[in-house]
Amino acid sequence: MSKKNGRERPPQIKPETGLVIGGRDSASYYGFVNPPVYHASTVLYPNARDLVAHRSRYLYGRRGTPTSEALENALRAIEGPDCAGVALLPSGAAAISTALLSVLRSGDHLLVTDSVYRPTRTFCDTILKRLGIETTYYNPLIGAGIAALIKPNTRAVFTESPGSLSFEMQDIPAIAAAAHQAGAVVLMDNTWATPLFFRAFDKGVDLSIQAGTKYLGGHSDVMIGTVSANAAHWPRLRETMLTLGLCVGPDDIYLTLRGLRTLAVRLDRHQESALAIARWLQQRPEVLRVLHPGLESDSGHAIWQRDFLGASGLFSIILKPIPEAAVFAFADALTLFGLGYSWGGYESLAIIFDCSDYGTATRWAPGGPALRFHIGLEHVNDLIADLERGFAALAQAI
């Protein structure tokens with residue numbers, strides 16, 4: 001049992017408390033609340049025998065420091081007891097590629113949801129293809145039907161729920177059960193929900209991935225990715241990370257650890273504000289539909305309600321058919337919503353997107369232009385006023 005300030009940690013604590021105390025060991029750093037930031041490469045050994053035997057808690061800066069351990073331990077605490085270890089990577093994309101490389105080899109077959117984050121698709125279609133690994137994209141709504149796509153050489157199934165543009169909700173437990181029945185590994189991009197709102201290991205996931213750049217950091221000032229693994233897959237994941245020479249700089253680790261402490265309160269605000277704005281957008285005459293699984297009208301709401309503990313601040317809308325110039329006028333009129341990729345920071349963002357040029361297992365035909373919003377920590381009334389400015393500009397451009 002871990003200790004903080006020399007006292008035993010309570011045996012049963014809520015996730016919100018785990019975010020505050022996870023990875024902290026104030027007694028080891030002279031009573032200070034936060035761990036020091038170790039800028040380190042070389043580790044000195046006390047004598048020649050220890051040097052030759054590699055007898056030291058820390059061997060080299062790239063292989064771990066007290067700073068990286070603090071973040072790893074904090075993440076393990078919120079992932080739950082089935083998490084055997086956490087790999088820290090330089091970005092979310094690096095986390096995805098490292099996780100896939102840890103379970104795949106030449107000749108394997110991989111199943112990937114058609115709604116996947118586009119850089120994941122690019123990695124599969126380029127690097128994995130060159131390594132002799134075949135990728136098949138599947139309809140994210142397939143559920144247990146994925147069993148029909150599993151081949152004798154299917155090694156892994158990659159999931160993402162919801163899709164971070166089109167917001168299809170996947171039946172992760174059903175997919176995991178079918179995959180495990182065939183001996184396949186289940187990976188999930190859990191960036192949207194984080195472990196606070198989706199308990200990946202409880203639902204059958206073997207490797208849970210996050211772009212920590214987003215909600216873990218929470219301030220749009222860090223690049224980091226994480227992969228959490230169960231006991232069966234942690235050794236191979238760690239070996240892959242170390243052999244590829246991947247690590248994260250100490251300052252980025254510390255910023256992520258600092259952001260992690262306020263994750264629960266930030267996500268609560270993101271969720272509350274996003275649902276309020278999503279419901280407001282549902283009433284707008286310019287909007288064809290809102291893609292948010294937390295809404296009762298969403299096709300994925302039943303799965304979200306069954307499997308998830310909350311919703312984050314990211315969702316999309318489909319506008320009724322209008323000229324492209326009117327869509328651009330709407331976006332350009334926004335003053336509080338920044339126009340930029342990524343999400344998960346304290347600020348609100350908007351992008352215009354179109355999935356029609358890369359889906360292969362599904363057809364993207366939403367019925368109108370699509371926009372994605374990340375609802376930040378600003379006051380809801382101010383954000384709605386900003387959206388009203390956008391709709392006014394849209395009307396003038398038609």
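Visitor: Before we start, what are the ground rules here?
Guide: The model is predicted, and local features need pLDDT of at least 70, side-chain atom pairs count only at pLDDT 80 or more, while totals for chains, interfaces and linings use all residues. Residues are numbered from 1 along each chain as its sequence is written, and side-chain values use heavy atoms, with hydrogens and water left out.

Visitor: Okay, cysteines. How many disulfides are there?
Guide: Taking a disulfide as a pair of cysteine sulfur atoms within 2.5 Å, the count is 0.

Visitor: Switching to helices: how do α4 and α8 cross?
Guide: The axes of α4 (residues 92-103) and α8 (residues 234-243) come within 9 Å of each other and cross at roughly 120 degrees. Axes here are lines fitted to C-alpha atoms, for helices over the stretch in contact, with angles running from 0 to 180 degrees between N-to-C directions; the helices (H or I, at least four residues) and strands (E, at least two) are DSSP runs numbered from the N terminus. That angle makes α4 oblique to α8, given that under 35 degrees counts as roughly parallel, over 145 as roughly antiparallel, 65 to 115 as roughly perpendicular and the rest as oblique.

Visitor: Left-handed or right-handed?
Guide: The crossing of α4 and α8 is right-handed, meaning that the near helix is turned clockwise from the far one by less than a right angle, with anticlockwise giving a left-handed crossing.

Visitor: Which residues meet there?
Guide: On the α4 side they are Thr-98, Ala-99, Leu-101 and Ser-102, and these meet Arg-236, Leu-237, Thr-240 and Met-241 of α8, with contact meaning heavy atoms within 4.5 Å. By class, the contact has 4 nonpolar, 3 polar and 1 charged residues, where Ala, Val, Leu, Ile, Met, Phe, Trp, Tyr, Cys and Pro count as nonpolar, Asp, Glu, Lys and Arg as charged, and the others, Gly among them, as polar.

Visitor: What about α3 and α9, at what angle do they cross?
Guide: The axes of α3 and α9 (residues 250-260) cross at roughly 35 degrees and come within 9 Å, and the crossing is left-handed. From α3 the contact includes Leu-71, Leu-75 and Ile-78, while residues of α9 in the contact include Ile-253, Leu-257 and Leu-260. The contact of α3 with α9 divides into 9 nonpolar residues, 3 polar and no charged.

Visitor: Now Phe-308, where does it sit?
Guide: Phe-308 is in the loop between α11 (301-307) and β11 (314-319), and this residue is buried, with a relative accessible area of 6%. Setting aside neighbours within four places in sequence, the contacts of Phe-308 include Ser-161, Met-169, Trp-192 and Phe-198.

Visitor: Ser-161 again: what is the peptide bond from there to Pro-162?
Guide: The bond from Ser-161 to Pro-162 is cis, with omega near -5 degrees, and Pro-162 is in the loop between β6 (154-160) and α6 (172-181). Most peptide bonds are trans, and most residues other than glycine have a negative phi.

Visitor: Which residue other than glycine has a phi near 60 degrees?
Guide: Tyr-30 has that positive value; Tyr-30 lies in the loop between α1 (15-21) and α2 and is exposed, at 78% relative accessibility. Ser-342 also has a positive phi, of about 75 degrees, although it is not a glycine; Ser-342 lies in the loop between β12 (338-339) and β13 (349-353) and is partly exposed, at 29%.

Visitor: Last one, what does Pro-195 touch?
Guide: Pro-195, in helix α7 (residues 194-197), touches Ile-78, Glu-79, Asn-190 and Gln-210, not counting residues up to four places away in sequence. Pro-195 is buried, with a relative accessible area of 1%.

Methods: Buried means under 20% relative accessible area, exposed over 50%, partly exposed in between (1.4 Å probe, protein chains only).
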